[in-house]
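Student: I have a structure open here and would like to talk it through. Could we start with what counts as a contact, and then go on to the details?

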Amino acid sequence: MSEIAVGYEAYSFACMRCGHGWEQAYEIEHHTDARGHEFVQYVVDGHVVPSPLSRPVCANCDGHLVRIMRPGRVSSALRAVAGGQRREPRHWPLSGLLHPFQRRAS
């Protein structure tokens with residue numbers, strides 16, 4: 001098995017069940033197995049983790065109704081609510097802040 005390339009991606013997540021929000025960055029390793037088939041591994045803090053795009057799980061309530069967004073959505077919503085104060089924790093409770101992420105009824 002040989003490594004082809006390493007990429008980086010980040011996502012924001014919001015649990016639609018409990019309101020928990022978080023952001024996570026991933027190293028994306030592209031490999032080729034002994035038979036020549038390519039595969040991808042997502043890595044966080046040196047540990048291989050499931051793809052965040054497959055079926056994310058809320059660390060707060062174990063719910064699977066999780067919205068995936070571009071990076072920065074969670075922190076920008078918190079800054080807007082906090083009056084522009086910068087906050088840097090990795091995970092935040094978002095109770096009451098999900099309305100910017102929910103679709104509006106037509």
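Tutor: Two residues are in contact when heavy atoms of theirs lie within 4.5 Å. With that in hand, please keep in mind throughout that this is a predicted model.

Student: OK, then what does V66 touch, once residues up to four places away in sequence are not counted?

Tutor: V66 touches F13, A14 and C15, then W22, and also P56, V57 and C58. As for A14, its C-alpha atom is separated from that of V66 by 5.6 Å, although the two residues are 52 apart along the chain.

Student: And where does V66 sit, and is it buried or exposed?

Tutor: V66 belongs to strand β5, which covers residues 66-69. Its relative accessible area is 14%, and because buried means under 20%, V66 counts as buried.

Student: Which residues make up the largest nonpolar core?

Tutor: That core has eleven residues, namely Y11, F13, C15, W22, Y26, I28, Y42, V44, C58, C61 and V66. Two or more residues come from each of β1 (2-15), β2 and β3 (38-44). In soluble globular proteins, nonpolar side chains tend to be buried together.

Student: Changing topic: what is the volume of the largest pocket, and which residues are closest to its centre?

Tutor: The largest pocket has a volume of about 350 Å³. Of the 18 residues lining this pocket, W22, Q24, Y26, V49 and V57 are the closest to its centre.

Student: Which element gives the largest share of that lining, and what kinds of residue are in it?

Tutor: The largest share, three residues, comes from β2, while β2 (20-32) and β4 (47-49) each supply at least two. By type, the lining divides into eleven nonpolar, five polar and two charged residues.

Student: Stepping back, how many helices and strands does the protein have, and in what order?

Tutor: There are one helix and six strands, and from the N terminus on they run β-β-β-β-β-α-β. Of the 106 residues in the protein, 33% are buried.

Conventions:
Residues numbered from 1 in each chain as written. Predicted model: local features only at pLDDT ≥ 70, side-chain atom pairs only at ≥ 80, totals over all residues. Heavy atoms only, no water. 1 Å grid on protein atoms, 1.4 Å probe; cavity = no way out; pocket = protein on both sides within 12 Å on 5 of 7 lines; lining within 4 Å. Points joined across faces, edges and corners; volume = space filled by probe spheres on them. Helix = DSSP H or I, 4+ residues; strand = E, 2+ residues; numbered from the N terminus. Nonpolar A, V, L, I, M, F, W, Y, C, P; charged D, E, K, R; others polar. Buried < 20%, exposed > 50% of the residue type's maximum accessible area, 1.4 Å probe, protein only. Core = buried A, V, L, I, M, F, W, Y, C linked by side-chain atoms within 4.5 Å.
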